[in-house]
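I opened this one to work through confidence, folds and contacts. These are my notes, in the order I went.

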Amino acid sequence: MSNYYESEDLKKFGDIGQHAKALADDFFRYYGNVTGTDGALSKREKALIALAVSHAQKCPYCIDAYTTQCLETGANPEQMMEAVHVAAVMQAGITLVHSVQMQNHLKKMVL
Amino acid sequence: MSPVVRLKIAIPPSKYDFEAQLRRNGIDLPPLGIDTLQVNVTKLCNQVCRHCHVDASPDRKEMLSPEGIAKCLEVLERHPQIAKLDITGGAPELHPGFDAFVEKAVALGKHVMVRHNLTVQLDGNPQTKENKEYLPEFFARNRVEVISSLPYYQEYFTDAQRGSGVFRKSMEAMRRLNAEGYGVQGSDLMLNLVYNPVGPYLPAAQAGLEADYKRELKDKFGLVFNSLYTITNMPINRFKLHLDKSGQFEAYMEKLLAAFNPAAAADVMCRSLISVGHDGRIYDCDFNQMLEMDAVDAKRKKLSIFDFDFGRTLQRPIQFGDHCFGCTAGAGSSCGGATA
């Protein structure tokens with residue numbers, strides 16, 4: 001393999017069952033039940049959440065898969081981009097809120 | 001806008017076998033009846049859409065002859081069980097005999113549907129420059145059901161697929177149809193819209209998308225319509241060309257295969273309509289027509305509107321190909337939208 005994250009490898013997701021089939025079966029059943037059905041959240045809302053998480057976790061497989069899933073559940077480009085912004089501000093906020101810890105420690109350092 | 005590309009259809013050997021898929025699922029799909037005569041009167045169109053299975057464009061010349069139109073009307077008159085005439089193209093309104101065809105079919109008591117691309121109202125005929133702004137009033141006067149492609153309720157996807165400026169013109173054309181009473185609550189003038197994906201993915205659920213269209217078009221443009229039909233892009237002609245160019249044909253076919261839905265297969269539109277081409281040849285659907293896969297009778301003789309026989313046509317074996325996976329994927333796809 002010449003590169004990490006070959007897009008063709010997304011098709012091999014099911015191969016995680018090698019050497020641990022029962023666990024993979026459990027995972028895929030859970031995965032399908034959560035993402036593949038309308039529940040308290042619609043499939044579209046779930047796809048937008050998953051798209052945001054895909055960006056936060058920087059997973060190119062997931063970004064491809066959930067861009068398509070968003071389109072196939074009727075999300076529009078504005079909704080998709082806004083979901084990514086939610087991920088972005090959460091990450092920025094998480095970074096910034098840690099400055100409270102820095103401030104706390106800073107105060108301890110100032111005698 | 002993409003350049004106009006004419007494709008000579010050559011069907012290579014396929015690893016996708018729709019008929020084998022039907023056999024594996026124990027499905028037999030004989031015709032159920034013929035309640036709709038769908039007639040493709042011309043490949044001339046004012047638009048050049050990236051997904052167009054007809055390869056329609058402003059420089060196409062194919063037109064159904066006056067004799068062909070007369071024969072279609074004769075078949076409609078002789079067969080009360082064929083209750084609906086579905087006129088398509090191209091932009092069918094650009095056929096010089098379109099108006100008379102509609103009026104005569106209506107006079108026969110038929111339900112007439114026109115696949116109207118909206119923008120032809122404003123663009124007119126690209127070859128003759130004939131003005132087509134009279135169409136909303138003409139449709140209303142003849143109680144025609146108008147079925148119009150609008151691939152999205154926003155400009156970005158619509159113009160990407162149908163050409164720059166198409167969304168804006170479509171909104172104006174819808175406004176003119178609404179002004180005649182089309183799609184308006186309490187009116188019996190039907191305006192139905194057609195959604196199809198702008199790329200290699202399946203349509204979203206029809207009901208949810210219809211609610212989005214209704215909300216957005218009403219809120220942003222004050223426009224109304226009756227129903228939304230979701231249609232899957234067929235992997236043929238111009239759409240296939242773009243799939244091939246972007247290296248996505250195989251992935252798209254695999255997506256269609258993986259989404260095969262036996263319930264959608266049972267309701268494929270070829271079981272209840274026939275499609276007539278500009279030369280009078282009969283096909284099982286408009287997609288088969290564009291692939292030149294003639295409908296044949298039980299003795300494999302090609303069918304034509306010029307020697308139409310209802311019983312012989314009803315007993316034909318429907319011709320299937322790779323593209324049929326497009327009609328059976330997910331919630332199914334037909335000229336009337338989802339089927340399952």
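**Confidence.** I started with chain B, whose average pLDDT is 94. In chain B, 96% of the residues score at least 70. The model is predicted, and I kept one caution in mind. Where pLDDT is low, the coordinates should not be read in detail. For the complex I noted an ipTM of 0.82 and a pTM of 0.90 from the predictor.

**Chain A, overall.** I listed the secondary structure next. Chain A has five helices and zero strands. Its pattern along the sequence is α-α-α-α-α. I then checked how spread out chain A is. Its radius of gyration is 19 Å, while the globule rule gives 13 Å for 111 residues. The value is well over the rule, so chain A is more spread out than a compact globule. The C-alpha trace of chain A spans about 60 × 35 × 35 Å along its principal axes. Of its 111 residues, 15% count as buried. I also looked at contact range in chain A. Among contacts between residues at least 6 apart in sequence, 56% join residues at least 24 apart.

**Helix α4 of chain A.** I picked α4(A), residues 77-97. It has 21 residues and reaches 30 Å from first C-alpha to last. That is close to the 30 Å expected at 1.5 Å a residue. Is α4(A) buried or in the open? I counted one buried residue among the 21, so α4(A) lies largely in the open.

**Where A meets B.** I found seven residues of chain A in contact with ten residues of chain B. Helix α3 of chain A, residues 60-72, gives the largest share of the chain A side, with three residues. By type, the chain A side has two nonpolar, four polar and one charged.

**The sheet of chain B.** I traced an open sheet of eight strands in chain B. The order is β6-β5-β4-β3-β2-β1-β7-β8, and the pairing is mixed. Which strands stand at the edges? They are β6 (228-230) and β8 (282-283) of chain B. Each has a single partner strand, so one side of each is left without a neighbour in the sheet.

**Strand β1 of chain B.** I went on to β1(B), residues 36-40. The strand is mostly covered, with five of its five residues buried. I checked which way the residues point. In a regular strand the side chains alternate between the two faces of the sheet. Here T36(B), Q38(B) and N40(B) point one way, and L37(B) and V39(B) the other. Both sets are buried.

I then took the two pairings of β1(B). Five bridges join β1(B) to β2(B), residues 84-88, and the two run parallel. In that pairing N40(B) stands opposite T88(B). With β7(B), residues 273-276, β1(B) pairs over four bridges, also in the parallel sense. The bridge partner of T36(B) in β7(B) is L273(B).

**One residue, E74(B).** I ended on E74(B), which sits in helix α2 of chain B, residues 66-78. Is E74(B) buried, exposed or partly exposed? I found 13 C-beta neighbours inside 10 Å, so E74(B) counts as partly exposed. I also took a distance from E74(B) to N178(B). Their C-alpha atoms are separated by 33 Å, and the two lie 104 residues apart along the chain.

Methods
Residues are numbered from 1 along each chain as its sequence is written. Chains are lettered from A and ligands numbered from 1 in the order in which they are written. This is a predicted model: local features need pLDDT of at least 70, side-chain atom pairs count only at pLDDT 80 or more; totals for chains, interfaces and linings use all residues. The expected span of a helix is 1.5 Å times one less than its number of residues. A residue is buried if 20 or more other C-beta atoms lie within 10 Å of its own, exposed if 12 or fewer, and partly exposed in between; C-beta atoms are placed from the backbone. pLDDT is the predictor's confidence in each residue, from 0 to 100. The radius of gyration is taken over C-alpha atoms; the globule rule is 2.2 Å times the number of residues to the power 0.38. Two residues are in contact if their C-beta atoms, placed from the backbone, lie within 7 Å. Ala, Val, Leu, Ile, Met, Phe, Trp, Tyr, Cys and Pro count as nonpolar, Asp, Glu, Lys and Arg as charged, and the others, Gly among them, as polar. Two strands pair if DSSP finds at least two bridges between them.
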